[in-house]
Structures are given as structure tokens and as C-alpha cells.
Amino acid sequence: MASENLKVLIVEDEADIQQLLSFHFQQAGYRVEICGNGAEGLKKARERKPDLIVLDLMLPGMDGFEVCRALKGAAETRAIPVIMLTAKGEEIDKVVGFELGADDYLTKPFSPRELLLRAKAVLRRTQKAEGAEETPQLRFGELLLDLARHKVWLAGKEVELTAIEFKLLRYLLETKGRVQTRDTLLDKVWGYDAYVTTRTVDTHVKRLREKLGKFENYIETVRGIGYRFAEKA
Ligand code: CA
């Protein structure tokens with residue numbers, strides 16, 4: 001798999017290891033982001049949605065265990081593979097047991113080449129697993145749609161939507177940036193047979209916006225035409 005455009009987030013407090021990892025991941029074509037502590041790492045992971053996280057265990061403040069637990073405990077970051085870095089003698093058993101949900105681990109000192117191989121393997125595995133479980137997702141800013149289970153999360157919190165609201169949100173999101181007329185929405189979301197009017201579309205969009213709360217402007221009104229999902233969050 002080409003590693004071009006894959007984003008790796010490195011959470012590590014030691015400057016020399018930061019530099020070493022940064023260099024090797026960049027050489028391999030990854031885009032690299034670096035954080036020096038756990039809390040910032042967690043924040044970046046949520047904001048930037050990296051494809052992979054390399055997480056040191058011993059970090060100032062919030063340690064790697066806590067960060068990993070938080071990542072794997074939240075719907076929006078659960079799917080991001082995590083490779084833990086541990087120093088010899090640190091609680092390796094815990095990591096090895098993967099009870100935290102880390103996808104792999106390496107013990108320091110390690111060769112960057114080995115880490116890159118592990119990274120590739122983990123990425124291949126997690127991407128396959130996603131396909132196998134058929135849990136395609138749609139993401140937009142703070143919004144996450146689980147298409148298989150018809151579940152929606154907003155800023156990490158689940159939002160209850162009716163079946164039609166889910167369909168409407170999904171359609172708008174899949175066509176984001178493009179204006180949809182009320183007639184198109186009726187056709188695509190409700191279907192030809194449904195006994196509904198364009199007024200119904202407005203009512204449902206209104207309710208959907210209410211449920212999106214402070215993110216209601218994800219759905220824009222295009223005067224005289226219809227609705228459009230925002231291009232950018
Ligand atoms: Ca450390």
C-alpha cells in the first residue's frame with residue numbers, strides 16, 4: 001500500500017526520538033505530526049484524524065496508557081490504529097495483552113525500519129478489518145456516520161435520528177458542497193411513491209438541524225432552491 005498522504009501522529013516527548021521517527025516516516029512518504037505530551041496528542045488525534053498513531057508509553061502528564069484508553073473508548077477515534085512504544089521493563093505485559101486496544105507495540109530501542117514495517121502491517125490489517133466488518137463511515141468535522149449500523153455521533157456523543165433523518169443526512173453529506181433541490185431530496189430520500197410534499201423536506205431539515213445543535217450550519221439553506229451540506233467543516 002502506498003503510504004503517500006497517510007497521516008501519522010507521533011506522540012513522544014524525547015526530542016531525539018521525535019526527530020528520528022519524523023525523518024523516517026517522512027522518507028517513507030507519510031505526512032508527520034508530532035506532539036510532546038499525551039493531552040495534546042489526544043486533542044490532535046481528535047482534530048486531525050490521523051491514519052496511524054505512534055504513541056510513547058511514558059509521557060509527561062497523561063501517559064500513553066490513558067491516551068490509548070481514551071482513543072479506543074471514543075467512536076470517532078476508535079478505528080485509528082495505535083502502535084505503542086515502550087521502554088524495557090515498563091508494563092509490557094499490559095501492552096502485550098493489548099487490553100488497552102493498542103494494535104501493536106515496539107520496545108525501545110527499536111529500528112525505525114522495523115517500526116515502518118509494523119506500521120504498514122497494522123494499516124493493512126485495520127483497513128482489511130474495516131472492510132470485513134462492513135462498517136463504512138462518513139466523517140465531516142465533528143460528525144461521524146456509521147453507515148452499516150445507522151448510528152450517528154456528534155463530537156463523540158451519539159445522536160438519535162429517525163430512519164428518514166439518517167437517510168437525509170447521509171444523502172446531503174454524500175453530496176456535500178452541491179445544492180439539492182427539495183424535489184431531488186424527495187426523490188432520493190423518500191422515493192417516488194411517498195405521499196409527501198416539499199414542505200415535508202423543510203420540516204425534516206429543520207428537525208435534523210435541531211439535533212445537530214451548534215453544528216446546525218453544516219446544512220445550509222440555498223434560498224429559492226433547496227439545501228446544501230457545507231463544503232468544509
Ligand atoms: Ca517517553
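In sequence, the residues that donate to the calcium ion follow the spacing D-E-x41-D-x1-M. E14 sits in the loop between strand 1 (7-11) and helix 1, and M58 in the loop between strand 3 (52-56) and helix 3 (64-73), so the pair ties together parts that are 44 residues apart in sequence. The donors to the calcium ion are D13 (OD), E14 (OE), D56 (OD) and M58 (O), at 2.1 to 3.1 Å; donors here are N, O and S atoms within 2.8 Å of the metal (3.2 Å for Na, K and Ca), and water is not among the atoms, so sites may look incomplete. E14 is partly exposed at a relative accessible area of 34%, and M58 is also partly exposed, at 40%. For these labels, buried means under 20% relative accessible area, exposed over 50%, and partly exposed in between (1.4 Å probe, protein chains only).

The model is predicted, so local features need pLDDT of at least 70 and side-chain atom pairs count only at pLDDT 80 or more, while totals for chains, interfaces and linings use all residues. Residues are numbered from 1 along each chain as its sequence is written, and side-chain values use heavy atoms, with hydrogens and water left out.

The protein chain holds 8 helices and 12 strands; helices (H or I, at least four residues) and strands (E, at least two) are DSSP runs, numbered from the N terminus. Of its 233 residues, 45% count as buried. Among the contacts in the protein chain with a separation of 6 or more, 55% come from residues 24 or more positions apart, where contact means heavy atoms within 4.5 Å.

With 13 residues (15-27) at 1.5 Å a residue, helix 1 should span 18 Å, and its end C-alpha atoms are 18 Å apart, which agrees; the expected span is 1.5 Å times one less than the number of residues. Within helix 1, the residues I17, Q18, L21, S22 and F25 are buried. They cover an arc of only 130 degrees around the axis, which puts them on the same side of helix 1; the arc is that of the directions from the helix axis to the C-beta atoms. D16, Q19 and Q27, on the other side of helix 1, are exposed. Just after helix 1 comes G29, with a positive phi of about 95 degrees.

Leaving aside residues up to four places away in sequence, F229 touches F140, L143, L169, L172, L173, K176, G177, Y218 and I219.

Q180 belongs to strand 10 (residues 180-181) and counts as buried, at 6% relative accessibility. Its side chain makes a polar contact of 3.2 Å with that of T175; such a contact is a pair of N or O atoms within 3.5 Å, and within protein one must be able to donate a hydrogen and the other to accept it, with residues adjacent in sequence counted only if both atoms are side-chain atoms. Not counting residues up to four places away in sequence, Q180 touches Y171, L172, T175, L185, I225, G226 and Y227.

A few backbone details complete the description. Most residues other than glycine have a negative phi, and most peptide bonds are trans. K108 and P109 are joined by a cis peptide bond, with omega about -5 degrees, and P109 is in the loop between strand 5 (104-108) and helix 5 (112-133). K49, in the loop between helix 2 (38-48) and strand 3, has a positive phi near 45 degrees. A155 is not a glycine, yet its phi is positive at about 50 degrees; A155 lies in the loop between strand 8 and strand 9 (157-159) and is partly exposed at 41% relative accessibility.
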